[in-house]
Amino acid sequence: MNRRTFLRGAGGVMLGLPFLESLRARDAKAGPADAPRRFIAFFMCNGVNMARFFPATRYGALTDASFAQDRAIAPLAGYKDKLLIPRGIHMVPRGFGWDETAGDDHAKGMGCKLTAQPLVQGSQYPAGISLDQFIANQLNPQGKPALTLMVGAKVPNVRGHISYSASERPVTGENNPWRAYQALVGVTGLDTEALERLTKRRQSVLDLVGPEYELLLAKRLSKSDRDKLDMHFQRVRDLEVEMDNAGIVLPPERVAEIEGINPDTVSYDAEFKKIGRMQMDILALAIATGATRAATLQWGSGAFGPIFTWDGMSHMYNHHKLSHGNTEDDDSGSEVAGYEQMLFDIDRWFVNEYVYLLDRLASYDEGGRSVLDNSAVVFMNELSNGKWHDFRDLPYLIAGSCGGYLKTGQYIKVTRETDTVNDKDAPHNKLLTTLANAVGCTADGGGPVENFGSFGQPGEFDDLKA
């Protein structure tokens, strides 16, 4: 049995396992560096309150003072040593019509973010693959596609997609946790008897892999590995219970609420947080078990978004309207009083959800490093200042060193310009290139990737590398 493996159960069920030190090949040189490196995009729409987003301290080492309570990133103080915050990155192709390509600023903010490719006239989809799928093609077993998850309303155009398998080929994020979970554990394609055991008889996936689990426990596992398995199986069970069916079936009415939002009349979804946390549990399981080396989690669609009415927020207008500070999506209405504070509250809420995902990833040990340490979990937005559709000075947060490839504990200005709001020397394709190499991708002829995308500049952000 390999150190990164699956349990196979009745009816074709497969359940991935975390890294088990006891099952590692007997190689004296084996160690934390052998663990796979991963990329995760944690993506939001509509921009942020730029005045209160970045650290309160100067460039350099992150300290507790960097995460002052007036900063949206304050909830991340506990992760300061595992964070890398680059500053001064602009998107390519550029917005404001400065680069000739199809699509408006919202379309570019979505379609170009993980591709650095122009949007194609007609479809308005980008002319190339996205970073997550590029990584999956190279590093996933049999080139299995990247895990693509979504929270909220699906929009059937470029504003509803950030992942692309090839030119003009969008990958629609799965916003139903039940279907995402089925795909993760191999429930799809089960025989009739196994499916009945899971649903009608309300058995757990863990019941179906029980015999193989007992065989695994019979091996000479260390106490650490046994504790790790206990935690992993408890996570799976907790996820099932939360899914309300003993419990892996999401109630149909909940699925309808998530999938049935009309993008032309966006309102809030009372399950937004609940579904988001289910998706993050699934994502963490998929990454920890080696089911994928790349994943995206997209919260909402460009130029839309929910009305936030939970966790102390009681907004009247959706996220897009607040990003413009206006009661109408096209700015034809009146200013929303106090919208800057509302945007800050939304930013802080998303950062708290980001922390939730980091906590899940950090809890999995891989022989001296956590899954988080072996990953690059990138918090990114469609825009910076949403009111102006600004593509400059983009808000990026990177958690995890990706196996030691990236610096951590640092706030770094990557542009050489004094003003970070510029489009001169720090195109975001260089960040994509850096991340592609961080996880271990190579160019067609071997060697490191030199330029991901077709816009911007070649090379990596060397300042971000350890």
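Predicted model: local features only at pLDDT ≥ 70, side-chain atom pairs only at ≥ 80, totals over all residues.
Biologist: Happy to start with the inside! Which residues touch the most other members of the largest nonpolar core?
Modeller: That core has 61 residues. Helix α11 (residues 339-362) gives the largest share of this core, 13 residues. The residues that touch the most other members are Leu-76 and Trp-299.

Biologist: Which residues does Leu-76 touch, leaving out those up to four places away in sequence?
Modeller: Contact here asks for heavy atoms within 4.5 Å. With that cut-off, Leu-76 touches Phe-67, Leu-83, Val-351, Tyr-354, Val-355, Leu-358 and Leu-397.

Biologist: Good to know. How many residues are in the second, separate core?
Modeller: Its members include Phe-39, Ala-102, Val-378 and Ile-412. The size of this second core is 49 residues.

Biologist: Let's turn to Gln-133. Is Gln-133 buried or exposed?
Modeller: Gln-133 sits in helix α2 (residues 131-139). Beyond its sequence neighbours up to four places away, it touches Pro-145, Ala-146, Thr-148, Ser-163, Tyr-164, Ser-165 and Val-171. Buried means under 20% relative accessible area. Gln-133 has a relative accessibility of 2%, so it counts as buried.

Biologist: Why do the buried residues of α6 line one face of the helix?
Modeller: In helix α6 (residues 210-217), the buried residues are Gly-210, Tyr-213 and Leu-216. They line one face because, looking down the axis of α6, they fall within an arc of 115°.

Biologist: And which exposed residues does the face of α6 turned away from the buried side carry?
Modeller: Exposed means over 50% relative accessible area. On the face turned away from the buried side of α6, the exposed residues are Pro-211, Glu-214 and Leu-215.

Biologist: Lastly, which residues are linked with Arg-94 in a network of salt bridges?
Modeller: Arg-94 is partly exposed at 21% relative accessible area, while Asp-99 counts as buried at 15%. Their side chains meet in a salt bridge of 3.2 Å, N to O. The residues linked with Arg-94 in the network are Asp-99 and Asp-423.

Methods. Residues numbered from 1 in each chain as written. Heavy atoms only, no water. Core = buried A, V, L, I, M, F, W, Y, C linked by side-chain atoms within 4.5 Å. Buried < 20%, exposed > 50% of the residue type's maximum accessible area, 1.4 Å probe, protein only. Helix = DSSP H or I, 4+ residues; strand = E, 2+ residues; numbered from the N terminus. Arc of directions from axis to C-beta. Salt bridge = Lys/Arg side-chain N within 4 Å of Asp/Glu carboxyl O.
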